[in-house]
Amino acid sequence: MKKSMKEQLKAIFKNKKGMTGLVAGIVVLGTGGYVLSQPGTKPTSTPKVEQSTSSSSVDKEDELMKKAEKAVKLLEDNQVKENVSPAETAVKGLKAGDSKDKLTKRIDAVKVNMAKKEAEAELAKEAEAAVAKLEAEQVDGNIQPAQTATDKVVDKATKGKLQHRINLVKDAIAARAAQAVAQAKAEEEARAAAEAQAQQAAAQQQAQVQETPSYQAPAQAPAQTTGGDYTPPAQAPAQQPQQSLTQDQRQQQLNDADANFNNGTYDY
């Protein structure tokens with residue numbers, strides 16, 4: 001009958017010769033298993049038990065994956081430049097594979113979306129500047145640049161507000177233009193009325209001049225060459241009462257009298 005392991009160990013310790021081969025006779029296996037061999041003989045070859053390193057490696061990879069997933073999720077939820085680098089660094093530390101590729105694609109998608117939003121923000125900024133210039137300088141030349149810039153804005157709410165501001169300025173410009181046209185028309189009508197009144201006054205004055213008879217001096221007899229007395233001219237027939245003359249008409253009569261005198265019409 002085979003002895004138990006405990007009895008075998010006792011027998012070895014009692015035998016002094018066997019003490020020298022004790023170390024050689026005990027082979028520790030794993031966490032508690034062992035075998036015995038006779039002193040002076042080679043121990044039975046047993047497979048070596050390697051420490052489990054694969055489980056720790058898997059745990060480490062899982063931890064890195066969790067950190068990378070968390071960093072990418074943070075970037076997707078809050079798409080700012082400050083979150084891009086941490087996500088890329090976390091994903092870069094992963095082993096090559098489908099999981100790493102998927103996280104990389106998610107980061108790239110966020111970066112594309114951020115670039116798109118940045119471009120849209122720049123367009124909105126340009127439109128805001130163009131509309132502000134139109135509001136400050138309300139002339140027709142500033143309408144088209146503001147409208148073109150506003151048409152490129154993507155955000156509907158922002159675009160609607162800018163368009164409303166443009167429409168207000170366009171209405172103000174149109175109102176001022178209509179007012180200017182009306183004022184110009186009124187001024188033209190006033191000038192035409194003044195000219196017509198002046199022409200009518202001139203025509204009335206001309207009619208009055210033509211109706212008023214001018215004074216004609218009587219003809220004089222030729223002067224006597226040989227002696228004789230001076231013969232006064234015949235008395236002019238009675239004149240009809242003259243109408244009240246204007247200042248210009250009286251001046252004209254004085255001028256006519258001076259001209260007759262100078263021409264010798266009066267002979268004294």
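## Helix pair H6 and H7

H6 and H7 cross with a left-handed sense. The model is a predicted one. H6 covers residues 98–136 and H7 covers residues 143–151. Their axes lie 8 Å apart, at an angle of about 155°. Angles over 145 degrees count as roughly antiparallel, so H6 is roughly antiparallel to H7.

On the H6 side, the contact is made by Glu126, Ala127, Ala130, Val131 and Leu134. On the H7 side, Ile143, Pro145, Ala146, Ala149 and Thr150 make the contact. By class, the residues of this contact divide into 8 nonpolar, 1 polar and 1 charged.

## Val110 in H6

Helix H6 also holds Val110. Is Val110 buried or exposed? Its relative accessible area is 5%. Buried means under 20%, so Val110 is buried.

Which residues does Val110 touch, leaving aside those up to four places away in sequence? They are Leu75, Glu76 and Gln79. Gln79 sits 31 residues from Val110 in sequence. In space, the C-alpha atoms of Val110 and Gln79 are 6.9 Å apart.

## Gln252 in H9

Helix H9 spans residues 247–262, and Gln252 is placed in it. Gln252 has a relative accessibility of 44%. The partly exposed class lies between the buried limit of 20% and the exposed limit of 50%, so Gln252 counts as partly exposed.

Val209 is 43 residues away from Gln252 along the chain. The C-alpha atoms of Gln252 and Val209 are separated by 9.6 Å.

## The chain as a whole

How many helices and strands does the protein chain have? There are 9 helices and 2 strands. Read from the N terminus, the order of elements is α-α-α-β-β-α-α-α-α-α-α.

The protein chain has 268 residues, and 14% of them count as buried. Val110, at 5% relative accessible area, is one of the buried residues. The chain exposes about 21,200 Å². Carbon and sulfur atoms supply 55% of that area.

What share of contacts in the chain between residues at least 6 apart in sequence joins residues at least 24 apart? The share is 50%.

Technical notes: Residues numbered from 1 in each chain as written. Predicted model: local features only at pLDDT ≥ 70, side-chain atom pairs only at ≥ 80, totals over all residues. Heavy atoms only, no water. Axes fitted to C-alpha atoms, helices over the stretch in contact; angles between N-to-C directions. Helix = DSSP H or I, 4+ residues; strand = E, 2+ residues; numbered from the N terminus. Parallel < 35°, antiparallel > 145°, perpendicular 65-115°, else oblique. Left-handed = near helix turned anticlockwise from the far one by under 90°. Contact = heavy atoms within 4.5 Å. Nonpolar A, V, L, I, M, F, W, Y, C, P; charged D, E, K, R; others polar. Buried < 20%, exposed > 50% of the residue type's maximum accessible area, 1.4 Å probe, protein only. Areas by Shrake-Rupley, 256 points an atom, 1.4 Å probe, with all protein chains shown as cover.
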